[in-house]
Amino acid sequence: MTRGDREGDPVKGDRVEIVIDAGGDTRTYEIEATRAGRRVDVTHGRGVVEVTETTRGGTPVRTARFMAGRVLALVEHPAPRPALADDEPRLTRAA
């Protein structure tokens with residue numbers, strides 16, 4: 001089950017931030033799920049990192065490709081999700 005299967009507005013707001021080495025400088029790119037039902041997928045292989053915003057049906061909307069050797073950081077920022085009734089409560093320790 002994906003995160004989107006539990007809520008009506010599944011993954012809007014999810015985003016991935018990519019920091020790359022641009023020859024002595026760094027550049028930052030962001031790919032964000034801009035509409036309800038879209039998600040951001042990250043794949044890597046054969047020296048390439050690919051970040052794609054896709055629809056519920058799996059159709060790619062926007063894709064960014066980077067050479068893996070140039071990627072300094074790849075940070076996933078999930079959208080805040082409300083707690084559901086079946087979520088387990090978190091126990092905290094007293095200091």
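Predicted model: local features only at pLDDT ≥ 70, side-chain atom pairs only at ≥ 80, totals over all residues.
User: How many aromatic pairs?
Analyst: One aromatic pair. Rings of Phe, Tyr and Trp (its six-membered ring) pair if their centres lie within 6.5 Å; planes under 30 degrees apart are stacked, over 60 edge-to-face, and the rest tilted.

User: Which rings, and stacked or tilted?
Analyst: Tyr-29 and Phe-66; the centres are 5.4 Å apart and the planes stand at 45°, so the pair is tilted.

User: Where do the two residues lie?
Analyst: Tyr-29 is in strand β2 (residues 26-32) and Phe-66 is in strand β5 (residues 60-67), so the pair ties together parts 37 residues apart in sequence. Strands here are DSSP runs of E, at least two residues, numbered from the N terminus.

User: Is Phe-66 buried or exposed?
Analyst: Phe-66 is buried, at a relative accessible area of 10%. Tyr-29 is partly exposed, at 34% relative accessibility. Buried means under 20% relative accessible area, exposed over 50%, and partly exposed in between (1.4 Å probe, protein chains only).

User: Switching to the core. Which residues are in the largest nonpolar one?
Analyst: It has 11 residues, among them Val-16, Ile-18, Ile-20, Phe-66 and Val-71. A nonpolar core is a set of buried Ala, Val, Leu, Ile, Met, Phe, Trp, Tyr and Cys residues joined through side-chain atoms within 4.5 Å.

User: Which strand gives the most to this core?
Analyst: β1, with three residues. β1 (15-21), β4 (48-54) and β5 each supply at least two.

User: And what is the strand order in the open sheet?
Analyst: The order is β2-β1-β6, three strands with antiparallel pairing. Two strands pair if DSSP finds at least two bridges between them. β2 and β6 (71-77) are at the edges with a single partner strand each, so one side of each has no neighbour in the sheet.

User: How many bridges between β1 and β6?
Analyst: Six, in the antiparallel sense. Ile-20 stands opposite Val-71 in β6.

User: Last one: Thr-52, buried or exposed?
Analyst: Thr-52 is buried, with a relative accessible area of 8%, and its place is in strand β4. Leaving aside neighbours within four places in sequence, its contacts (heavy atoms within 4.5 Å) include Arg-39, Asp-41 and Arg-62.

Terms used
Residues numbered from 1 in each chain as written. Heavy atoms only, no water. Helix = DSSP H or I, 4+ residues; strand = E, 2+ residues; numbered from the N terminus.
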